[in-house]
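I opened my notebook to look up a few local features in this structure.

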Amino acid sequence: MNTSVDFAHCLKYLLSALGVSINRLSKALNVDGSLVNRWVNGKRIPSYNSNYIEAITQFLSANIKNSLQIQLINELFERVFGVDAGTDCNEEKIKKVLFEAQGISLSNHKKHTKESKKLLKYKKTMANPPFFNEVVSMSHEDKIIAGTHNVASAFRHLLGLALQTHKRKKVIYITYFNDVFFYMSSEEDLRHFQTMLLDLMTQGCEVHYLLRITHDVQRMMDLLNFLKPLIGTDQLYLYYLKSYDSLDLGKDYIIVPETGVLSCFFTQVNNCCALYLKNPLAISFYEEYWVRLTQASATPLLMNYPAEKEESFYSSYMECEEAIGNRFLYKDGFSTFTLPLPLYKKLLQKRKASQQEMVSAIAFHQKCLESFQSNIEIYEYKDIYTLDSLSYLVKNRQFFLYDSIGFSAVDLEMEEVVDFLQHMISLLKTYDHYSVAFVRKNAIIPGFEKNVSCLVKERHAAIVEILGPANTAPMRFSIHEPMTVNAVEEYFQILWQQIAPVMKKKAEVIAWLQQEIDSLKSALYLKSDS
């Protein structure tokens, strides 16, 4: 089952799969970066009498670092040749695929040249070409926009119209196929777009994103950084295309029903053009296309857990804890699972939980502790807490207990605070793979004031919980799409690297916790003397 892949798409796929930039490849080949750029964008094809394929193969094969990259190479090889991908070494697979793609592209180039000559001859003979009967003319408001800056301005203008108007259907459809909106936008533009979308959501507007997921981790992290402030609302709907092998979908769209459509595409490297349409029929065509594409070829990225599905949420949480792999946990407050079981039972009694609630909560707690302790002996577990969580615990002697029963602040005796901190130290000393770090709250989501909890289990899932104002149901969702989970994990890896050593080095954290214990014990001693 030979599937044709031209040279541009093949090289772009391999560079992305192996995390190699155009600049690095051009330096390795000792050629100008513009030449590699033209290869990737289909403007040029290496000739048969050059040795570029061998040089590219040698460099790319030297950059294979993990099993995921090998799997991606195998998938490309099988797609092109339709044979068992294990028949050759990785270097031979890369070379064969590149040679095959080179031949296809050179053959297509010759064919295209012949067809262009035929088309030119045909145009000369067609003095008065016929038109179809069912044609709707463009309105005077429809425009063709050239230039990246101008397209970004049109994007702002269309969102501005959506903010000003009060249409019956408050919804916006946006695609993220070819990263057009990111390439055309400066950081200031992106912040402006975020603000405008948040304002629209505040007005009750739904924003629907249709995404193309790739194995490019940096691309996925850019997307997550943009969507972070929007995810904290219940007006954002994310979908992703089920197929991973769609290398180029041509255009990106923003569709505001009854208002306008911006259809964006690249004409050359990093230069963007767009059709800005306000024709009502055109808008309805684009809206129908987006909806049909989503229904036929996409699936929701977020699995939401409303209040009535609370049991499903905790079941997913348990599955995540039980799954093998490294784990990151971020909480604005200490995890319930850092409580020793006897202390947890005391807190349940203080909370005045019913007998049935206590039995259920203790069973869940014990199961999670067992999973925690069995996995932590093999896999890296990193907990990130806010500085406020430790300060509040020591000063106010309250533990924010959030479990399957609900959320409440439980008062602790000074001795119980000491017991908890000593247990934390015991965990850190007992398990080499367990680490704790402290950060400021806005280091996770700058400007995001809600209490956020995020559990990320390698290759399995990311589970997020956002607590809103009092007497409101928490927002809960999980992500299971592997490349997005990988991007979330990479985000926390980078965050961990940016944390100052004094806030994460195990010896420093233990000494800090011990210092707080000593201070509390001194206070207890003075209290007993008095």
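Predicted model: local features only at pLDDT ≥ 70, side-chain atom pairs only at ≥ 80, totals over all residues.

Asn30 is exposed, and its relative accessible area is 71%. I noted that this counts as exposed because the cut-off is over 50%.

Next I looked up where Asn30 sits: it belongs to the loop between helix H2 (22-29) and helix H3 (33-40).

Then I turned to Arg397, another residue other than glycine with a positive phi, here near 50°. I found Arg397 in the loop between helix H15 (387-396) and strand E12 (398-403). Is Arg397 buried, exposed or partly exposed? Its relative accessibility is 30%, so Arg397 counts as partly exposed.

My last stop was strand E2, residues 171-176. How many of its six residues are buried? I wrote down six of six, so E2 is mostly covered. In a regular strand, side chains alternate between the two faces of the sheet. I checked both faces of E2: Val171, Tyr173 and Thr175 are buried on one side, and Ile172, Ile174 and Tyr176 are buried on the other.

I also looked up the partners of E2. With strand E3 (residues 206-211), E2 pairs in the parallel sense over six bridges, and Tyr176 has Leu211 as its bridge partner in E3. With strand E5 (residues 252-256), E2 pairs in the antiparallel sense over two bridges. There, Ile255 in E5 stands opposite Tyr173.

Key:
Residues numbered from 1 in each chain as written. Heavy atoms only, no water. Buried < 20%, exposed > 50% of the residue type's maximum accessible area, 1.4 Å probe, protein only. Helix = DSSP H or I, 4+ residues; strand = E, 2+ residues; numbered from the N terminus. Pairing = 2+ DSSP bridges.
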